[in-house]
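The tour goes stop by stop.

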Amino acid sequence: QKISSWMIGWYKCEKCNYIHMGHDMLTPGYKCENCNTPSRGGTAFFNYNINILIDLMQDLYNAEQINDDFSLEKKQISVIIFYTTIGEMLMDQLLSNLINKNCKNKNLQNKLINDSQSFNKKLELFKLLTVEKFDDSVKSFNNNFLQIIEFYREVRDARNEFLHNGKSYLIEDEMPKQCLDNVMGLVILFVELNNKYNLIDINNE
């Protein structure tokens, strides 16, 4: 089954930004679990390009095994590049939502985005917008999310070592499968982060 078919089941409340799992929000009149506002038909939450990347990663991983070592290495590298790009897109979407919520000045919004291109800068921006360190926030969910983030960093380091230095020794044989196994958890983490930090208090509008 396509992981992306699960991805299209996340919908945002138009009123408070709470993200729901399931297609109930598509039914006009269905009440949001967070603010009790009737849905007007539901708004898909995730950028569709994330679905495309997940499909590409899954299709490539499940493609017929290639015996040639060099071709296998290219396949492994491609999977981890897709995986890390998905994580970057999820982080960018979260930060964009938080910037739009907390900052109404368009020039300042653009500056915050432009000044936060590296992953470490994105973490600094997250702290600026939420007043919490990213890892502390991840730990607060009492799940295995911290392990997922630690694995993501390991994969990102392997990708960067290959892209910047042409070395693939950090890409372990089991890493592509772990990417596939972890991507749903990575997505759920960013749903939780959005639901924690991006909600609108409709009583104070």
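Helices (H or I, at least four residues) and strands (E, at least two) are DSSP runs, numbered from the N terminus. This is a predicted model: local features need pLDDT of at least 70, side-chain atom pairs count only at pLDDT 80 or more, and totals for chains, interfaces and linings use all residues. Residues are numbered from 1 along each chain as its sequence is written, and side-chain values use heavy atoms, with hydrogens and water left out.

**Stop 1: the β2–β3 loop**

Select N36. It sits in the loop between β2 and β3. Most residues other than glycine have a negative phi. N36 counts as partly exposed, at 48% relative accessibility (buried means under 20% relative accessible area, exposed over 50%, partly exposed in between; 1.4 Å probe, protein chains only).

Now pick S39, in the loop between β2 (19–21) and β3 (43–44). S39 has a relative accessible area of 5%, so it is buried. A polar atom of its side chain lies 2.9 Å from the backbone nitrogen of G41.

**Stop 2: helix α2**

Select Y48, I52 and L56. Together they make a nonpolar surface patch of about 300 Å². Patches of this kind join nonpolar side chains (Val, Leu, Ile, Met, Phe, Trp, Tyr) within 5 Å, from residues with over 30% relative accessible area and no salt bridge (a side-chain nitrogen of Lys or Arg within 4 Å of a carboxyl oxygen of Asp or Glu). Areas come from the Shrake-Rupley method with a 1.4 Å probe. I52 belongs to helix α2 (residues 48–62) and is partly exposed at 36%.

**Stop 3: the aromatic rings**

How many aromatic pairs does a search of the whole structure find? Nine. Rings of Phe, Tyr and Trp (its six-membered ring) pair if their centres lie within 6.5 Å; planes under 30 degrees apart count as stacked, over 60 as edge-to-face and the rest as tilted.

Show F126 and F134. They pair edge-to-face, 5.2 Å centre to centre with 80° between the planes. F126 is buried at 0%, and F134 is buried at 4%.

Next, F141 and F145: edge-to-face again, at 6.0 Å and 90°. Both are buried.

Then select Y83, F119, F151 and Y152, which form one aromatic cluster.

**Stop 4: between α5 and α6**

Finish at V131, in the loop between α5 (119–130) and α6 (134–139). V131 is not a glycine, yet its phi is positive, about 65°. At 69% relative accessibility, V131 is exposed.

Note on methods. Patch = residues over 30% accessible without salt bridge, like charges linked within 9 Å, V, L, I, M, F, W, Y side chains within 5 Å. Polar contact = N/O pair within 3.5 Å; in protein donor to acceptor, adjacent residues only side chain to side chain.
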